[in-house]
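The sequence and coordinates precede the discussion.

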Amino acid sequence: MKYVVGVDIGGTFTDCVVVDEAGRITVGKALSTPDDFSRGAVNSAADAASNLGLLNASELLKRSRLFFHACTIGDNTLITRTGARTGLIMTKGFGDSLHIMRGKVAEGLTENETAHRAALYKPEPFVPRKLVEEVPERIDYKGQELIRLDVGVAERAIDRLVANGAESIAVCFLWSIVNDAHEKHMAEILKKKNPNLFHTLSSEVAPYIGEYERSATTVFNAYIGPKISTYLQNLQSVLKDQGLQREPLIMQAYGGVLGIDATCKNAVGVIESGPAAGIVGTRFLGEHIGEKNILATDMGGTTFKVSLVRHGVIERDYKPVILRYNILSTKIWVESIGAGGGSIAWIDPETGLLKVGPQGAGAAPGPVCYDVGGNEPTVSDADLVLGYLNENYFLGGRMKLNKAKTLAAIREKIAKPLKMTEVEAASGIYRIANSHMSDLIRKATVEKGHDPRNFVLFAFGGAAPVHASRYAAELGVRQVVIPLTASVHGATGLISSDVVYEYGKSEHLLLPVEPARVNQIFSELLERAYKDLAAAGFAPNEIHVMRSVDMRYRYQIHELNVPFSPGLDSISDADMAASSDLFDEMYEKAFGQGSGYREAGKEILTLRLTAMGLLKKPDIKAETVAPRDGSVALKGERQVYFEENRSFTATRVYDFNQLRPGAEFAGPAIIETPVTTVVVNPHDRAAMDGYRNIRIYVGGA
Amino acid sequence: MTSNPIVTSVDPITFEILSHRVYQIAKEMGTTLERVGGTVNTTQMHDYMAALYLANGDVLCAGDAMGWHVACAGVAVKRIIERFEKDGGIHPDDIFLLNDPYVAAIHQSDVYVVSPIHFKGKLMGWSATFVHVMDIGAMSPGGNSPNATEICHEGIRIPGIKLVERGELRKDLFDAFINMTRQPVMVGLDLKCEIAANNVAKSRIQALYEQFGSELVAAVSQEMLHYSEAILRKRIGEIPDGEWRETGSIHAGDTWKVDVALKKTGDRLLFDFTGSSPQAKKGINLPYHATFGACYEAILSTMAYDLPKNHGALRPIEVIALPGTVVNCTAPAPVSLNTTSAGSTAKFVANSVIIQMLATSEKWRGELMALNVGHRLARHAGVNQYGNYYVSTLSEGALDGTGARSDRDGDDTGDGLSSHNIEWVEANFPLLYLFRRNTRGGGGAGKFRGGAGSESALTVHDAPQGKIRGVALGVAGLRNSGQGLFGGYPGAPSLLTLIQGARVEETIAADQAPDELAALGGDSRLLPYCEFDLGRNDILYMRMASGGGYGDPLEREPQQVLRDVDEGVVSREEARAIYGVEIDGDEPRLNQTATDKLRSDLLKQRLQE
């Protein structure tokens, strides 16, 4: 038997998902081990191996056809600021570009944070000003050299940086994207002077226009690069010792995997790769159940996140904001707000209004009902008061919830000041939280020109299945899916991933453009893609490429990524015309009929190539679906509050583990699983599909 | 701790849910403008307004528009109602346009698009936007005309037309309008983006009526106004009564004075501009609603930053400005330069009196920030490297430094807006940057230091005509700049300088970075409001405003001063003279003993003065 293994290392748990040749999924879990994450990885594999009836992790790893991995070490290094002491070398006269940040002091902040000017300030830079050196050199927008690189100054700059403790060097010169000679020359000097010093060039890590964003990307890469390299090399050697034959494949933030070397060169690509694995899993599951348009929602303790799959393609973000810095490294697109089970409900003392979030109670002190020190009522507390959560069966009974204490907190902090009952207060908290989440989804769909009614909604995260049908109903979404693998969906995504390389080139082209020019650039990118994928072991027939351009109306700032039809050999005049028309169509869809101003003309800014090495996907089989009513899974009845009735209703409770594919019943109902609770509202209908996912048909449709 | 509830006519949960939604809709209008807009002002500089209104034209929700725009926008819809109610009619899917500063705009470049929102045939509310278009057919490209002496020199002026009639775009009017500008394509794009934003608002609000019922939405809307008004009145009421004064000046050839007295009585604020200079025959004059807006913005950015921006928040404010003055001009006074002259001066004096008032309050003192007003900017026009005529703005104005606060330094180059990358500018226009950096020593000294604004220098590069045309804007009044607070020093004011005949090409040809102006020579002159040519070997030097300091510099932590010296932000001489800190050694080191003595000497010296 051969296996495909995915290991997802999170902050608390390390998940392992294994698929065998028959398509059976086995799961393993272990605590993460921050002192050396590879131990937790092996432990989670050992747990999965034991669930498979194998002797140990080694027995599993020896038989692994593919090994996938996602980690949060890049994110953690940035958040805890424990990366390499990084020096930055820039064009003389422009050394403040990173610190100036184009003046974008409010980037990545909420409106409320931005409005409070006395508390508004820039993030602490990842390179102190003292570690920025300026070197005389200048290239212009055409790529023409205006000032030669001053080698003497460059050498002294490196000496000074090293003397000031720099362990890693980022180089970002103006216009290196059209002429990288000076950056390449800098790399030569660096290699000659300090061969062991980690360095990174902006023209390699982010070959896109915009010196601020490019320098931020380069600095992030230099900052986390050394640590990522050490980490991955250690992981690889530990796994090899355990018998793994193949190179581990590492998840990237755009939702594809790369080998160890490619990942180390472009370390910035692993930032936020954990959620990317999840969305890859979402798309994979979607394919199996025949859904191509998916709203993936994740409601955890303090954050609510939304990502999109449209027409089977994961929505991407080419200019993401990471820790308030704009970077040029493609990742999956995620919109988030501070709303989760742990979001605190509070009364604004000045206005007497009920507010929910954005502050959260986190794991400690946690919601009141956890009884581990929290005194502020949260969304989860409201869920308990309303009867959605079971005080005796939270996390499958592993945690007892304190209902008396929860009621008292909601009474004292919310109900009394509002002159309401505890239940009215809890219902208010529940509704406000749901409305904030639906407002976010609206922003993620309607404001981008997508109709949420054309999507199914996936609910991930412990708190989501309690709320999902409500925020779905608010938007007219007709179906909610609670995947069986929801609790390990990151690892599930890993096993269904392909090897994906991303290439791009900034090139300012006014339409109409000669296809020959476009083809020339794409052929350069293609050549690199075939070389990289061949090195990763892919034959030409296993390679799939997608070409696209970032296009906009002239004089505008915001661009749309316009794909060409996949699999074209070369681009013709007709293809160019089609992409121009497609842009108009996408534009009007996003911004409204009549908003497109074709007379302004169009321009291309960036050409992009996605090259995929296709991997054989695990073959997950559906079970036979036989219509049944679910009564065998009925475990009892309890009083649950539903807004429709404005009162508690005797509600049937089902045991997820006893439900079988095809089971179907009408709401109101509760389904309890060992990891979460699914609320089926009145007028909705629930069913278990052939993959043991719960489907909720909102409004019974 | 909880007082009587402010929201009474709808339940607080419904209020929270619906007011949040209304705010999201107003925000989405702004996002649409930014994404669809054609000009730098809209897409980068946030120089636009997007708001929802009640049926009577009161502002319901203004998203995240600037405060003074909100106040002006409060007039726009009312004027359209007055004009069209009887004559022309207000029908479903009509859209109106206006840009007359004597009606509602600040200056003609601010083009309003106003749209009624009907539901089941009944007028329920309005939406409106304005963007600052890149050209308005005035005598100078870009709309700001330094040589204008009356408003008729300043371009198209429309008190109100119906641009879209029952959903049909009046292409004749649309084309007539854009045809009068130098940049018909770009202005057309701006109008389109405004139409799109208003369409978005209409469809979202109609969906809200559909879902919740128009009566409930109307009730919540009334409560939203009431909410802002009640809280603001309460906050004002908590502050001791009093009167505070400030004077600012506009230097643009002559000097004009802007005087204000703030009288705080109970829960009302009265700004009295009596004593301000008569209006000028130069476009520095403000219409009344803009003066009102400057006062509102000062309140909004300090004691009301967390309140929904709507008509309720305007009600506790009263502004007296005599007709015929620079703060309440009458036709035909020109206005096109007013945002950077009387506008920034009115904002400066209004902020100053608000700060003085808040300083008397324990509750608000910690929230005070030193100022950084008075930014300048430059427009530029000409033929670019691709042979096309263009008009644009250098977005350095986004790179002001902020004032110091009660607990930390101000930020360098970060005032909430965003500037362009240098590469973006050079890719689109025939310009070459020589440097862009934080102005060394720019921030005002203090216990907490003000943030430095940027300083940049540009020359022409690959300009087919060998030169481009520039328009320099901004007050030269040094007094109304980044004043310090509680003993903090002022920040460096912004200025624009033209250096002609410098050794730019020679320096570059010698492979030297042209990043020190002193080494480049040439004839240098300050640019007041004027047009100028920028040719080969000419340099446009732009310095943005730095923020003032907070508290006595002698109280600054010596270790902080050491860090400032180490990073090159403060020189050793300044450390000694201003901060009383002695730094020794090649590698900067703090001399604590000498510092203690120096600080004590400096304090004694002050007592003797």
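The 24 residues of α14(A) should span 34 Å at 1.5 Å a residue, and the end C-alpha atoms of α14(A) lie 35 Å apart, which agrees. The expected span is taken as 1.5 Å times one less than the number of residues. Helices (H or I, at least four residues) and strands (E, at least two) are DSSP runs numbered from the N terminus. Of the 24 residues of α14(A), 21 are buried, so this helix is largely enclosed by the rest of the structure. A residue is termed buried if 20 or more other C-beta atoms lie within 10 Å of its own, exposed if 12 or fewer, and partly exposed in between, with C-beta atoms placed from the backbone.

This is a predicted model, in which local features need pLDDT of at least 70 and side-chain atom pairs count only at pLDDT 80 or more, while totals for chains, interfaces and linings use all residues. Residues are numbered from 1 along each chain as its sequence is written, and chains are lettered from A and ligands numbered from 1 in the order in which they are written.

**Contact between the chains**

Chain A contributes 67 residues to the contact and chain B contributes 74 residues. Two residues are in contact if their C-beta atoms, placed from the backbone, lie within 7 Å. On the side of chain A that touches chain B, the elements supplying at least two residues each include α9 (211-241), α13 (403-418) and α14 (422-445). The most is given by α14(A), with seven residues.

**Sheets and strand pairing**

In chain A, four strands form an open sheet with parallel pairing, in the order β6-β5-β9-β10. The edges are held by β6 (132-135) and β10 (198-201) of chain A, each with a single partner strand, so one side of each is left without a neighbour in the sheet. From one strand to the next, the twist averages 20°. Helix α6 (residues 151-163) of chain A packs on this sheet, touching β5, β6 and β9 of chain A, and its direction makes about 175° with that of β6(A). Another helix, α9(A), lies across β5, β9 and β10 of chain A and runs at about 160° to β9(A). Such axes are lines fitted to C-alpha atoms, for helices over the stretch in contact, and angles run from 0 to 180 degrees between N-to-C directions.

Strand β1 (residues 3-9) of chain A has seven of its seven residues buried, so it is largely enclosed by the rest of the structure. Both of its faces are covered, with A:Y3, A:V5, A:V7 and A:I9 on one side and A:V4, A:G6 and A:D8 on the other. A hairpin is formed by β1(A) and β2(A), with three residues between them.

In chain B, five strands form an open antiparallel sheet in the order β14-β15-β20-β17-β18. Its edge strands are β14 (431-438) and β18 (523-526) of chain B, each with a single partner strand, so one side of each lacks a neighbour in the sheet.

Several pairings are listed below; strands pair if DSSP finds at least two bridges between them.

| Strands | Bridges | Sense |
|---|---|---|
| β5(A) and β9(A) | five | parallel |
| β1(A) and β4(A) | six | parallel |
| β1(A) and β2(A) | seven | antiparallel |
| β14(B) and β15(B) | seven | antiparallel |

Within these pairs, A:G87 stands opposite A:I169 in β9(A), A:V5 opposite A:F67 in β4(A), and B:R437 opposite B:E455 in β15(B).

**Cores and individual residues**

The largest nonpolar core has 390 residues, and those with the most contacts inside it are A:A45, B:A51 and B:Y112. A nonpolar core is a set of buried Ala, Val, Leu, Ile, Met, Phe, Trp, Tyr and Cys residues joined through C-beta atoms within 7 Å. The largest share of this core, 12 residues, comes from α9(A).

B:D58 is found in the loop between β1 (48-54) and β2 (59-61) of chain B. With 20 C-beta neighbours inside 10 Å, B:D58 counts as buried. Beyond its neighbours within four places in sequence, B:D58 is in contact with B:Y53, B:L225 and B:H311. A:A577 lies in helix α18 (residues 573-591) of chain A, and with 13 C-beta neighbours inside 10 Å A:A577 counts as partly exposed.
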